[in-house]
Amino acid sequence: MSEVLRLENVTMQFGGVVAVNDLSLHVNQGEIVALIGPNGAGKTTAFNVITGVYTPTNGAIYFNGDLIVSNHPQGNMKKLYQGENRDKFPTVKVQTPDAITRLGVARTFQNIRLFKDLTVFENVLIAKHMRAKAGIFSATLRLNAKEEQAMRKETQNLLEILGLQDLSQEISGSLPYGQQRRLEIARALATNPSLLLLDEPAAGMNPQETDELTAFIRQIKDDYHLTVFMIEHHMDLVMEISDRIYVLDFGQTIAEGDPEEIQNNPRVIEAYLGVQEDA
Amino acid sequence: MKKSTKYVCSLAVAVIAVALLFALDANKTGAGMLISILQKSAILAVVAVSMNLLNGFTGLFSLGQAGFMSIGAYITAILTIPVKNLDGVYYMSGIAPWLRALKEGMEASPSWLQAIYPFLAMIVGALVAAGFAALIGIPVLRLKSDYLAIATLGFSEIIRAIFSSPQMDQITNGSYGLNKVPTFPSVFGLPSLFTPFIVAAVSIALLVLLINSTYGRAFKAIREDEIAAEAMGINLFRHKEWSFVISSFFTAIAGGLLAMFMRSIEAKTFSITLTYDILLIVVIGGLGSVTGSVLSAFIVTASKEWWLRFFDQPLIIGGWQVPLFRTGFRMVIFSLLLMIVVLFYRQGLMGNKEFTWDGLARFFRKLGKKPAQAKGGAEG
């Protein structure tokens, strides 16, 4: 099985605060991997580092075997850096989030970030923009009619497959919560990713919606040959769907394994439930 | 409403507009006031729509419009003032020899080329403005909201200061400004009165096409949520730069038109108040609505310069002179009207919707049913 994503000794330090500490992990082709941990453990920060929103203070990230991000402490950080492996990554490589999306990494956000004033259709159509070959002048003068039509057709197809076609002309901000989550995933899929990062896809969902979401994630994973890496708090969902789980606490991995191993791991239980005080 | 009905309605409006222009052309002396207001409105409509592209569609709060307009206006004016008038215009310091040589060369060229010079001058002015926009966009567009506004405002003031500086005397005539700028040239053999409307219509049409293209959608995505837009593979800097450059291009085109309209320009014309006037038009029309900006350009200009004029005249009813009616009172009423509009139409007249015939029909139906509650405006 080939590796789709690999993080090597990734540290993200903001001033004196170490949000992610020497995190190393990998996600294999076709897997569903979950990243869990208590609030403030650095899960979303890890996602932001992978997608280029933040440049890591130290460490390297590989996507499909290619180095996409690499950094070591520079400037002020040389003095402030508290992590390890500071001399391990001599190359500096930084990419903006849009470049990383273009490589095939799509994501959703913890607090839904739809284009709220635009319709469902437009939300998905915008994701097709980055693959458009037309320049701004030919697009303005409508010399790209064929391409535009193809973009619209693909969007329509995607909405039909995901069961959102009836809502396509609705303003996305007015959709019910569950549908907004679904639309955000649809929008991410429209970028034709090979790796999908889901940041708490089931947040705020009731058990029935969570079940639907579980089936939905499985379906898109198979249909689009995706690899899924997700942050989630709903343990039912995580245990049912994940092939492997990483547990993060205070920015560090404290456990790794399949759902059963994780459930029985004393350090995980401790992180989630606190230390038992024996009398 | 049926599609054919809408089509007929649009066609009727276009025909009426053209007929009105011909009527005005036949009666130039009597309708001088109306003509000049309509022309000024059309010019401001172009600036308002380009400002809306930036502020309303891309979400970049920029206040540099006056600066880009002045670049367009000055270049158009310098390139179009006839050689025979040069000594009269540059009576203080004279004109730079290279500029005179260039202009003499232009006047020696064949006549068909000379006929399009005014348009070339506008386009050259617009390209220079676009070039400046591209350059200052590199550092400035990394700023957000208020900071961007301050930076662009500063740029606009710098341009104004440069144009009026003594070092530029031989090119821009410094603080004396330029006059004897020829009026609008004619296009397609139509009366020259049509020119600002044609240029404005073409500019706005191009901007609308851009806004409705895939790039326009990307701009809207940036306005809605920059982080999400980036996650959708949209390069923030490249798209903001495009929006800024294109907006500046059309702003400068309008600046060129303004120079031809006013016949004389000086650096003072392009002070920050001009930008505020345009911002006012954009906000009253609705951020993110092209038709709103156009409508509001006409309404604001007309009410400022024409409809409210009688408040400036002394008014005597039955021997009693109504107090307050004197020069300047018009602006008090105008400001009051603005406040009322902003209070009742929070999002401007059109919000971020566009005008549609369906919307107009709905508006009148609502007006007929519940006159007291008809506050929605002609939303589409």
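**The interface and the sheets**

Modeller: Happy to: 28 residues of chain B are in contact (heavy atoms within 4.5 Å) with 33 residues of chain A. This is a predicted model, where local features need pLDDT of at least 70 and side-chain atom pairs count only at pLDDT 80 or more, while totals for chains, interfaces and linings use all residues. Residues are numbered from 1 along each chain as its sequence is written, chains are lettered from A and ligands numbered from 1 in the order in which they are written, and side-chain values use heavy atoms, with hydrogens and water left out.

Colleague: Good. What area is buried between chain B and chain A?

Modeller: About 2700 Å², with carbon and sulfur atoms giving 64% of that. Buried area here is the accessible area (1.4 Å probe) that two parts lose on being put together, summed over both. B:Arg217, B:Glu224 and B:Met232 supply 27% of the area that chain B buries against chain A, more than any other three residues.

Colleague: And how many salt bridges cross the interface of chain B and chain A?

Modeller: The rule finds 2 there, a salt bridge being a side-chain nitrogen of Lys or Arg within 4 Å of a carboxyl oxygen of Asp or Glu. B:Arg217 forms a salt bridge with A:Glu148, and their closest N and O atoms are 3.0 Å apart.

Colleague: Which elements of chain B give two or more residues to the side that touches chain A?

Modeller: Helices H9 (195–211), H10 (214–224), H11 (226–231) and H12 (236–262) of chain B. Helices (H or I, at least four residues) and strands (E, at least two) are DSSP runs, numbered from the N terminus. H10(B) gives the most, with 9 residues. By class, that side of chain B has 15 nonpolar, 7 polar and 6 charged residues; nonpolar covers Ala, Val, Leu, Ile, Met, Phe, Trp, Tyr, Cys and Pro, charged covers Asp, Glu, Lys and Arg, and the others, Gly among them, are polar.

Colleague: Switching to the sheets. What is the order of the open sheet of 6 strands in chain A?

Modeller: The order is S6-S7-S8-S3-S9-S10, with mixed pairing; two strands pair if DSSP finds at least two bridges between them. Strand S6 (105–107) and strand S10 (252–257) of chain A are the edge strands, each pairing on one side only. Inside that sheet, S3 (residues 32–36) and S8 (residues 227–231) of chain A pair in the parallel sense over 4 bridges, and A:Ile32 stands opposite A:Val228 in S8(A).

Colleague: What about the open sheet of 4 strands?

Modeller: That one is antiparallel, in the order S2-S1-S4-S5 of chain A. Strand S2 (17–28) and strand S5 (66–71) of chain A have a single partner strand each, so one side of each is left without a neighbour in the sheet. S1 (residues 3–14) of chain A and S2(A) are joined by 8 bridges; A:Glu3 has A:Asn28 as its bridge partner, and A:Gln13 has A:Val18.

Colleague: Which residue in the hairpin of S1(A) and S2(A) takes a positive phi?

Modeller: A:Gly15, near 60 degrees, in a hairpin with 2 residues between the strands.

Colleague: Great, thanks!
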